[in-house]
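Please look over the sequence and the model below before reading on.

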Amino acid sequence: MIIISTKKVRVGLVAGGLGAYWPQFPDLLPQLQRSAGRVSQRMRELDAEIVDVGFISDAQEGAAAAEKLRAAGCDLIVGFLTTYMTATMLVPIAQRSGAPVLLINLQPTESMEHATFDTGQWLAYCGACPLPEMANTFQRVGIPFRSVSGYLEDERAWTKIAGWVRAAAARAALRHGRHGLMGHLYPGMLDVSTDLTLVSANFGGHVEVLEFDDLRVRVEQVTDAEATAKRAETEKIFELADTVNDADLDWACRVSAGLDRLVEDFELDSLAYYHRGLDGEQHERLGAGMILGASLLTARGVPAAGEYELRTSLAMLIMDRLGAGGSFTELQALDFHRAHVEMGHDGPAHLAISSRRPLLRGLGVYHGKRGWGVSVEFDVKHGPVTAFGLIQRRDGRFAFVASEGETVDGPHLRIGNTTSRVDFGRDPGEWTDEWSATGISHHWALGVGHRAAELKSLAHLLELDFVKV
């Protein structure tokens, strides 16, 4: 059993205001510090490790906070503007940390009590005042600007802040990730081909180039006890169709156990694979036996995509880290009678987002691929979903493309494929044309929930274009 990393995203927190106010209005600083304490408390309720460096009042304190946050190695820095403060207090933090910065302006309540407030009480509501100054200065020094404005208990604002934190977690998974690429390109799939250097250039992280022999030797090392345990795990998770051949299932379980070893040995966070094979030789059997193990890995946070689809395994990783799952997907058919787009794949699935107990079906032949064995059949949970993929553009830049819809009930083929019916609220032919015109490859990730806002935030953190269909 491998252990999936549960490292939390590290968020730096700094609050500040203009120190010139403190001697003028003695009650102001204590009130702002109470607000800062409440923000710190709410931030700690998010799924994040919070590095709180306290309250700053001038440029010198800002510089000291910048060094603390730089040393902490944060994935995101949140600057709380409690009242007016100068840009020179925050720019060093943004410049030195190496992390993206989110500025938040959360005044104490929804509105001031205008009839009774004096100047000091008004200044506690003045966090909006420096926002344009920060935006102007950040742009002039070449730092991307982003902000959330609201009030302390404004759930709309906190939903946005939480979305930025989740986006930062996905960014961290990419920047620190190790992504396996095993085998070779499916012959002729020009859209799938990815320049490996561009992964590091756009996201950071590392691509570990693997051979099927790396898997072969580990499958050979799998003990009977490990294979038996994997069989028991499989029978607990899956419904088995009567077409499942016992020997094929045993082989898939043994390959799955070998995949666990491979992921652990190379410390992989994702995996893309393909091997054509020939005449039933060992490498062909390995490739044909991977669907079960790849699906189990995907459900446990190590997304695995077939057909050497590295960009889609990365898209699946992003969706998983956003809490959306993310299953390997392509177009299958258009149902103009019901206005549905049918999509899925004959391979790895994210079992955690299945609408029902997933089915294992035995196949005597894999369409378009050599070999035979067991394959996963399932439908993504009905309700809001997001199709999400990565575009590799001609200039070498990546871009995000997403489309929100709803998975719905309807007839499904029973051929050992994952298949979901998605209603995008429009003619399926028009949607397909617009989706294809973005430059997306013919694979992407399908995840639960409407995630376009979070994906747009992540694209902003990565300084990539975001396209919504």
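The model is a predicted one. The largest nonpolar core in it has 73 residues, and a search of the whole structure finds three cavities of 30 Å³ or more. An open sheet of three strands is also present, with mixed pairing.

**Strands and their pairing**

- Strands S6, residues 178-183, and S7, residues 206-210, run parallel to one another and are paired over five bridges.
- The open sheet of three strands has the order S8-S13-S14, and its edges are formed by strand S8 (239-240) and strand S14 (373-377), each of which pairs on one side only.
- Strand S8 is joined to strand S13, residues 359-363, by parallel pairing over two bridges, and in this pairing Leu 240 is found opposite Leu 360 of S13.
- As background, strands of a sheet pair through backbone hydrogen bonds, and the pairing can be either parallel or antiparallel.

**Nonpolar cores**

- In the largest nonpolar core, which has 73 residues, the residues with the most contacts inside the core are Met 43, Ile 318 and Phe 400. Helix H7 gives the largest share of this core, with ten residues.
- Another core, of 35 residues, lies apart from the largest one, and its members include Leu 249, Leu 351, Val 401 and Trp 435.

**Buried residues and a covered helix**

- Val 78 belongs to strand S3, which spans residues 76-81. Val 78 counts as buried because its relative accessible area is 0%, and the cut-off for buried is under 20%.
- Although Val 78 and Gly 12 are 66 residues apart in sequence, their C-alpha atoms are 6.0 Å apart in space.
- Helix H13, residues 290-299, is mostly covered, with nine of its ten residues buried. Among the buried residues of H13 are Met 290, Ile 291, Leu 296 and Leu 297, and also Gly 293, Ser 295 and Thr 298.

**Backbone angles with positive phi**

- After helix H13 comes Gly 301, which has a positive phi, near 100 degrees.
- Glu 307 is not a glycine, and yet its phi is positive, at about 55 degrees. Glu 307 is placed in the loop between strand S10 (304-305) and helix H14 (310-321), and this residue counts as buried because its relative accessibility is 6%.
- Tyr 308, likewise a residue other than glycine, has a positive phi near 60 degrees. Tyr 308 lies in the loop between S10 and H14, and with a relative accessibility of 16% it counts as buried, because the cut-off is under 20%.

**Pockets and cavities**

- The second largest pocket holds about 300 Å³ of space. It is lined by 20 residues, and those closest to its centre are Gly 98, Pro 100, Arg 171, Leu 461 and Glu 463.
- Helix H7 (155-175), helix H8 and helix H16 (452-462) are the elements that give two or more residues to the lining of the second largest pocket. By residue type, the lining of this pocket consists of ten nonpolar, six polar and four charged residues.
- The largest cavity has a volume of about 190 Å³. Its lining is made up of 18 residues, of which Tyr 273, Tyr 274, Gly 287, Ala 288 and Lys 369 lie nearest the centre of the cavity.
- At least two residues of the lining of the largest cavity come from each of strand S9 (270-274) and helix H12 (282-288), with H12 supplying the largest share, three residues.
- The residues lining the largest cavity are divided into seven nonpolar, five polar and six charged.

Notes:
Residues numbered from 1 in each chain as written. Predicted model: local features only at pLDDT ≥ 70, side-chain atom pairs only at ≥ 80, totals over all residues. Heavy atoms only, no water. Pairing = 2+ DSSP bridges. Helix = DSSP H or I, 4+ residues; strand = E, 2+ residues; numbered from the N terminus. 1 Å grid on protein atoms, 1.4 Å probe; cavity = no way out; pocket = protein on both sides within 12 Å on 5 of 7 lines; lining within 4 Å. Points joined across faces, edges and corners; volume = space filled by probe spheres on them. Nonpolar A, V, L, I, M, F, W, Y, C, P; charged D, E, K, R; others polar. Core = buried A, V, L, I, M, F, W, Y, C linked by side-chain atoms within 4.5 Å. Buried < 20%, exposed > 50% of the residue type's maximum accessible area, 1.4 Å probe, protein only.
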